[in-house]
Amino acid sequence: MKPRQKYSAFALVREAMRGHTGWPRAWNSPLPSKRYDVIVIGAGGHGLATAYYLGKNHQIRNVAVLEKGWLGGGNTGRNTTIIRSNYLQDASAAIYEKSRSLYEELSQQLNYNVMFSPRGVMMLAQTHHEARGYQRINNANIVQGVATEYISPEQVRELCPIISISGPRYPVLGALWQARGGTARHDAVAWGYARACSEMGMHIIEQCEVTSVRTEGGRVVGVETGKGSIECGKLAIVVAGHSGVVAERAGFRLPIESVALQALVSEPIKPCLDVVVMANTVHGYISQSDKGELVIGGGADQYNNYSQRGSFLHIEETVRALVETFPIISRLQMLRQWGGIVDMTGDRSPILSRTPVEGVYINCGWGTGGFKAIPGSGWAMAELVANDQPGALAASFGLERFREGRFIDESVAAGVAH
Amino acid sequence: MLKLTCPYCGIEADETELHGGGEAHLERAAGGAGDSELEQYLFIRSNPRGVHFERWHHIHGCGKWFHAARCTETMEVFGTYSAQTLRPPENTLSEIKRRRPNWVNA
């Protein structure tokens, strides 16, 4: 592969002069080597970020990222791209805020435009219970050093004129506002990390499913894949919805259930919404993409599902509620709808942990809110894999918390899956 | 939309009429159980990609709990059966084996 070309305005002009024939591939796709120091299973955002920070922060560069399908084709390419860090519990606020702050400079770090747009995220309080909950989170955020404020319905209207404040069914009583939250281009996050990993000499191998994990004396020694047997020193499983399937192949079970979560986008319209609005009581999230489409996220299904298709009734519920809150969207047509398989834990908090198999680490359980966590998750996971010991960010998210009853309970905090 | 036939009232119910209750046939941790048994019972799930036994509540119908055998990959339903049992009945198991010859009951 040609050496990485720095993306810049100058490079763009130069390439324009020669018909764009000089751009090298963003990442290379080699055949697997015999052995790697670390194998990461899963080339989604979290897996690639794990590999990137292993190389960047810990100088571990003999790394392969194995992907069953194509790069960024799972939940990384299926989410609604919302980035925020307004969580209740200290451990969550720490890792999500780390992540959000990494997003601020990610484009410069990776030399790849991830289109981070800190346009502000508001979570609407539409019941008195929810209003009190968000005031509580706001108080916690002040102590944690996460910049949020609780705003009045008038301020909501000022920030987002298309909201119907007065109900009748779901009046807006206030909102939790995080001005530096926002969105980013989801594919670009995966592509940017992949390009930077490839630059460090790491191997990204797509269409390479791990079919079994080989161990000797309780320690991982390698994996069997669709492209042959590969040895490894350490193994990081970062596969979101399929965590249970891969863990089973490594010989252990997880406190995880996989369910479908859906999203949809409307036809493009003129700019009408320049913030992200989350309405948790009615399970609807909405923002407007740069193309003008309204990007809408819904609630999760209630039963286990690996099919990447969700129930129609959840779309109906989400749209019905959003039309009431945003009357101007009532005649919009929806263009596309899709589902992703999310890995839900009992306390709705992630798992970054060592496992019963020595040398195997797992990063999963981000449930319905993994995209926002990609940089922080990769940062903390790389620390865990490199040192065989979680750092401060991951310390509370071990698998043992379910046995010991030390939950990081975010499910009650928000009242919904998130 | 997922449809399940309630084995008590016989109605083929849409999922809007039902409430999912998670994995079935979990062994309840007995009194005096240790942390590991409680963890198994409360949190650890088989979460298979394929045949899954699960509990359902006919919440907007007859109000009874029942069991279903379903494929989490294709959404096929192999059968529904009474909640008053510790394991799936033979006819459900043979239906699963007929349609999934390689399936092993873990």
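**Notes on the two-chain model**

1. A:Met115 sits in the loop that runs between helix H4 (106-110) and strand E4 (121-125) of chain A. Helices here are DSSP runs of H or I with at least four residues, strands are E runs with at least two, and both are numbered from the N terminus. Phi of A:Met115 is near 55°, a positive value in a residue other than glycine. Most residues other than glycine have a negative phi. A:Met115 counts as partly exposed because 18 other C-beta atoms lie within 10 Å; the cut-offs are 20 or more for buried, 12 or fewer for exposed and partly exposed in between, with C-beta atoms placed from the backbone.

2. Before going on, some housekeeping. This is a predicted model, in which local features need pLDDT of at least 70 and side-chain atom pairs count only at pLDDT 80 or more, while totals for chains, interfaces and linings use all residues. Residues are numbered from 1 along each chain as its sequence is written, and chains are lettered from A and ligands numbered from 1 in the order in which they are written.

3. A:Gln59 is another one for the phi list: the value is positive, about 55°, and the residue is not a glycine. Look for A:Gln59 in the loop between H2 and strand E2 (63-66) of chain A. A:Gln59 counts as exposed, because it has 9 C-beta neighbours inside 10 Å.

4. Now to H2 itself. A:His46 belongs to helix H2 (residues 45-58) of chain A, and with 33 C-beta neighbours inside 10 Å this histidine counts as buried. Beyond its neighbours within four places in sequence, A:His46 is in contact with A:Val238, A:Asn363, A:Gly370, A:Ile374, A:Ser377 and A:Gly378 (contact: C-beta atoms, placed from the backbone, within 7 Å).

5. H2(A) packs against helix H10 (residues 374-387) of chain A, with axes that come within 7 Å and cross at roughly 55°. Axes are lines fitted to C-alpha atoms, for helices over the stretch in contact, and angles run from 0 to 180 degrees between N-to-C directions. H2(A) and H10(A) are therefore oblique to each other; under 35 degrees would count as roughly parallel, over 145 as roughly antiparallel, 65 to 115 as roughly perpendicular, and the rest is oblique. By class, the contact has 11 nonpolar, 7 polar and no charged residues (nonpolar: Ala, Val, Leu, Ile, Met, Phe, Trp, Tyr, Cys and Pro; charged: Asp, Glu, Lys and Arg; polar: the others, Gly among them).

6. H10(A) also meets helix H3 (residues 90-104) of chain A, where the axes come within 6 Å and cross at roughly 115°. That makes H3(A) roughly perpendicular to H10(A), and the crossing is right-handed. A:Tyr96, A:Lys98 and A:Leu102 are among the H3(A) residues involved, with A:Ile374 and A:Trp379 among those of H10(A). This contact divides into 8 nonpolar, 3 polar and 1 charged.

7. On domains: chain A is divided into domain 1 (29-82 + 186-255 + 347-414) and domain 2 (117-182 + 258-345), with bounds from an automatic or database domain assignment. Their C-alpha centres lie 29 Å apart. Across the boundary, 22 residues of domain 1 are in contact with 20 of domain 2. H8 and helix H12 (411-414) each supply at least two residues of the domain 1 side, which divides into 8 nonpolar, 11 polar and 3 charged.

8. Between the chains, 20 residues of chain A are in contact with 21 residues of chain B. Elements that each supply at least two residues of the chain A side include helix H8 (243-250), helix H9 (312-325) and helix H11 (401-404). That side has 8 nonpolar, 8 polar and 4 charged residues.

9. From chain B, take B:Glu39 in helix H1 (residues 35-42). B:Glu39 is buried, with 21 other C-beta atoms within 10 Å. Not counting residues up to four places away in sequence, B:Glu39 touches A:Phe402, A:Arg403 and B:Ile44.

How values were computed: Contact = placed C-beta atoms within 7 Å. Left-handed = near helix turned anticlockwise from the far one by under 90°.
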